Amino acid sequence: MAGLRQRRVRRQRALRWIVVTLFAVLTLLPLVAMFEFTTRDGWDTWRVFFDWKALGETYPILWTGMKASFWLVLLSVALTLVLLVPTVVWVRLRLPRLRRVVEFVSLLPLTIPAIVLVVGLAPVYAWVVYFVGGSSVTLFLAYTVLALPFAYRSIDAGLSAIDVRTLSEAARSLGSSWATVMWRVVLPNIRSAVLSAAFLTVALVLGEFTIASLLNRANIQVAINQLGKSSATMSVAVSLAALVLAFVLLFLLSFAGRRRNRERKTS
Amino acid sequence: MTSSGVRLSALRRKFGNVHALDGLDLDLAPGELVALLGPSGCGKTTALRILAGLEDADSGRIIVGDRDIANVPANKRGMGMVFQAYSLFPHLTAIENVEFGLRLRKQSSTVRRRRAQEMLDLVGIGAHAARFPQQLSGGQQQRVALARALAFEPSVLLLDEPLSALDAKVRVQLREEIRRIQLEVGTTTLFVTHDQEEALAIADRVGVMRAGQLEQIGSPEDIYRTPATPFVAEFVGLSNRLAGRVTGDVVEVLDTKLPLVGSVQDGPATALVRPESVDVTADPAGAGRVVAVSFLGPLARVTVALPDDTLVVAQLESARLPELPTGTAVRVVLRPVPVVVSAG
Ligand SMILES: Nc1ncnc2c1ncn2[C@@H]1O[C@H](COP(=O)(O)OP(=O)(O)O)[C@@H](O)[C@H]1O
Ligand SMILES: [Mg+2]
């Protein structure tokens, strides 16, 4: 009996290692290959990549795309959180019947292909251009919509883990304004959910190509694509850097979640 | 201490087509502890939440001190509240939780800390000030919640079944302490519960609610001894339901004439008789038979079956049990205390 179970445990462990190794090889191999490709003719590519002044002069397209993506990340995260956190909390507290509706609406962007989204966004952006100009940074409006499903899920899950209603009523009776309830009571208790919503938005914005390209805007992915035609090594180097950044973010995300769990148990 | 009286008058609140409150009137004198007692769903929580400002009444007046506060938002009402569910802020330690209300009132950190520690000491949990809520038991969490609600010297303290999630022993211990603390700080308190024993044990006055209205309010003794209506008699304490006949201001039950509470039409009726008003003596010629005996410490309950199969429960001193084993023939005598009857 015990021997049998032990054998099964051993077999499972072996299987687990095989799966992990396979996965690691499959994900790391392209990255390693990319790295090899960029360093085949020496380290010049990376030297330029980290020398931002040279980068801006040598590859103006790339520099523009990176700057645009930087602002897109910041604005998309800010707008997503500012819109979503209070709304989801308010729906939970005051309009519980609307929860399903809000969930449905926020999941919609997931079901619509990017191409179709662009068809709908084009006339909207005609207005955006009319009012605030054609800067690539205005893409953050579209990206906020794209990020909605992921950010909503994450924040909603965070709120499910606490009794928002009782906590906010306790805070109200102790004298808190609604702003204080949000800032001092709700946010600290859904910190890791908000963080993961932010990270997911960052990853999404850094990786987005279709909409930017079809609307004729520049972001980092569009720049990488254009650069691929003239300077293959730099375009691959930038892709690699973007991928690693996304990996690091996702790793931080799972780390933030884990740390929160440990705090709950021990401290 | 700035304790205020409270007057709720003609409060109404509808949810869909449920009348949660249907014209509730309730007064609390300054410093008084009133328990609001009633079955689940009778509107107790709604009444308390309206007083706290967490819910709006459809109509009616809410007066605290001499001010109508119906339009004052919850965070400006200065009412301390303890909830049924655990409500401590999970990201703050016990003492930080207690400081929360003081911080909002812009007190300096040293004053705040000292006051919070005093409050934790008062509720007997001073040694655990640095713990997080998850590290405290249910009873300890409710103590901290009480300290938090009292720390900023609220004009009124509101408790909504604060003990119902706790186990029986902690519940009894904590309710006594709530009473001790309430007497010490002298805050006007509304204590909501569905547990009649809890209400009778803790309150200056008990208000019994039924379907959104106050059925009766009075001292625990009044409520228990002279219930005004059959509902109160049945909800508070145990009652035997015995068939009888009303004539004038007495009801005849088991060949005994008992005075009536209130006035009822002449005719057949059901009298509600407390077990402690029933006496049972061994008598070979008696018509009753002991069918069950339960021992409750110093007291015991004896169930007697009458020839018509009516069961009567009597409460006696345990010392008398040896003469009344199961199967004994007994005579049942009712003490002539006033009883409530319900028609039919
Ligand atoms: N937010 C609400 N929405 C709908 N119905 C409610 C709500 N709050 C209370 N009720 C209804 O009002 C009645 C009284 O509820 P409540 O005051 O919670 O009773 P109690 O606290 O005495 O158990 C119940 O029938 C309950 O279902
Ligand atoms: Mg209730």
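1. A salt bridge here is a side-chain nitrogen of Lys or Arg within 4 Å of a carboxyl oxygen of Asp or Glu. By that rule, chain B and chain A share 1 salt bridge. It joins the side chains of A:E169 and B:R49, at 2.8 Å from N to O.

2. The model is predicted: local features need pLDDT of at least 70, side-chain atom pairs count only at pLDDT 80 or more, and totals for chains, interfaces and linings use all residues. Residues are numbered from 1 along each chain as its sequence is written, chains are lettered from A in the order in which they are written, and side-chain values use heavy atoms, without hydrogens and water.

3. Contact (heavy atoms within 4.5 Å) between the chains takes 25 residues from chain B and 22 residues from chain A. The buried area, meaning accessible area (1.4 Å probe) lost when two parts are put together, summed over both, is about 2000 Å² for chain B and chain A, with 60% of it on carbon and sulfur atoms.

4. Within chain B, an automatic or database assignment gives domain 1 (6-230) and domain 2 (239-343). Their centres, taken over C-alpha atoms, are 38 Å apart.

5. Between these domains of chain B, 5 residues of domain 1 are in contact with 7 residues of domain 2. About 560 Å² is buried there, and carbon and sulfur atoms give 58%. On the domain 1 side, B:Y224, B:P227 and B:P230 lose the most area, together 75% of what that side buries.
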